[in-house]
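Colleague: I would like to learn how to read the ligand site and a helix pair in a model. Please start with the terms.

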Amino acid sequence: MEFTWRWFGKNDRITLPMLRQIGVQGIVTALHDVPLGEVWTQEKIRELREYIESNGLRWSVVESLPVTETIKYGGSNRHEQIEIYKQSLRNLAAEDIHIVCYNFMPVLDWARTDLMHPNADGTSNLYFSYAEFAYFDIYLLKRAGAREEWAAFRFPNGVGEGRNVLKEADELAKSMTPDRDHQLVENIVIKTQGFVSGNFKEGDEHPLELFHQLLANYKGIDKAQLRENMKYFLTEIMPVCEECGIDMCVHPDDPPIEILGLPRIVRTQEDIEWLLHAVDNPHNGLTFCAGSLSAGAYNDVVAMARKFASRTRFVHLRSCHIFPNGDFTEASHLGGRADLVELCKIFESENPCLPMRVDHGKTMLGDEDRGYNAGYSFLGRMFALAQMQGVLAAILHETNKS
Ligand code: DNO
């Protein structure tokens with residue numbers, strides 16, 4: 001596999017020369033300064049590509065070329081947006097960039113409630129608490145129907161047995177303070193979304209109002225309709241992908257659960273089978289994010305890797321641990337549910353050139369004071385990268401012996 005690293009552009013405090021020193025081969029990035037829904041021009045793409053190359057690296061993968069909400073909910077200007085998307089794809093291909101990661105999650109790109117959850121060893125990790133998320137939904141967002149939905153909420157597959165999330169959220173409400181409320185909104189809406197070129201930006205003054213406006217677009221959009229819209233989008237762009245040799249690779253929903261009354265359609269093995277089948281074209285591929293998939297108790301990540309390896313175009317190595325109560329945290333890259341050693345074997349034998357990046361990492365040894373994007377520490381990710389480099393070296397050693 002090719003060792004890549006998600007880098008957030010020239011303003012990233014982690015510089016390209018630093019990345020060369022730790023064995024990174026390819027860069028995963030995006031034009032973060034282009035507003036959502038505008039064309040990525042060839043000039044801008046070229047400028048960034050040349051900058052990366054002048055540092056002895058290559059731009060291996062785009063993450064993400066964002067799919068705007070109107071395409072997802074099927075708004076009246078979706079055609080215009082799809083044309084813009086196609087033009088960006090053509091421009092990327094003209095600059096020899098051929099792998100494009102995107103997601104089809106409505107409103108919220110990814111969700112965590114705690115970005116600095118302490119571990120026993122003094123490091124910290126990202127964490128998702130159902131009670132805190134329900135509290136946010138009911139008490140802060142005040143979404144219509146939230147209370148009823150959480151009352152009916154059941155955990156899948158034996159986790160969270162007997163847990164009453166609504167009751168916990170009500171309990172939590174008694175002890176929350178304005179500061180903690182503010183922190184939770186920051187975590188869910190701003191700090192996790194601000195840097196991924198999504199719907200929310202650092203400095204948004206009324207994020208919850210904006211949230212309501214975005215949610216309103218999905219009135220009446222159920223799972224079947226969202227699937228239709230995704231199929232429509234992919235069918236529209238496939239001819240361009242074929243013509244220019246672009247591989248689209250969808251990122252699974254993170255976490256792979258339905259939240260905020262919105263449908264989520266890239267959560268399970270069945271979903272991915274549907275998607276690859278609905279648009280059965282090798283350019284319609286998958287970002288195998290082991291971290292997102294392992295946060296769903298129903299997902300057998302290793303079995304899914306075997307099943308989908310041939311349609312996987314990009315890999316995120318990360319692993320989650322699900323607690324008996326159903327909450328999850330991001331585990332060590334050598335622990336958790338995802339068995340990254342086995343996944344490396346599977347993907348390496350499928351395609352030794354497949355780009356992979358270690359996804360997220362612990363916050364450790366001073367990372368916490370450096371203002372990195374949530375999940376994207378330097379030392380924590382470097383540590384995980386070194387672990388994966390070791391795993392891959394051992395796999396190659398064994399393969400060469402046999
Ligand atoms: C978070 C990321 C996501 C991912 C997008 C891909 O850390 O995994 O923001 O980049 O969902 O479109």
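Modeller: Helices (H or I, at least four residues) and strands (E, at least two) are DSSP runs, numbered from the N terminus. This is a predicted model, in which local features need pLDDT of at least 70, side-chain atom pairs count only at pLDDT 80 or more, and totals for chains, interfaces and linings use all residues. Residues are numbered from 1 along each chain as its sequence is written, and side-chain values use heavy atoms, with hydrogens and water left out.

Colleague: Which side chains have polar atoms by the ligand's oxygen atoms?

Modeller: A polar contact is a pair of N or O atoms within 3.5 Å. For an N or O atom in the side chain of Glu-63, the distance to a ligand oxygen is 2.5 Å; for Arg-6 it is 3.0 Å. His-251 has a polar side-chain atom 3.3 Å from a ligand oxygen. Alone, the ligand exposes 330 Å², and the protein buries 100% of that (Shrake-Rupley method, 1.4 Å probe).

Colleague: At what angle do the axes of α10 and α11 cross?

Modeller: Axes are lines fitted to C-alpha atoms, for helices over the stretch in contact, and angles run from 0 to 180 degrees between N-to-C directions. Helix α10 (residues 223–244) and helix α11 (residues 269–278) have axes that come within 10 Å and cross at roughly 40°. The two are therefore oblique to each other; angles under 35 degrees count as roughly parallel, over 145 as roughly antiparallel, 65 to 115 as roughly perpendicular and the rest as oblique.

Methods
Polar contact = N/O pair within 3.5 Å; in protein donor to acceptor, adjacent residues only side chain to side chain.
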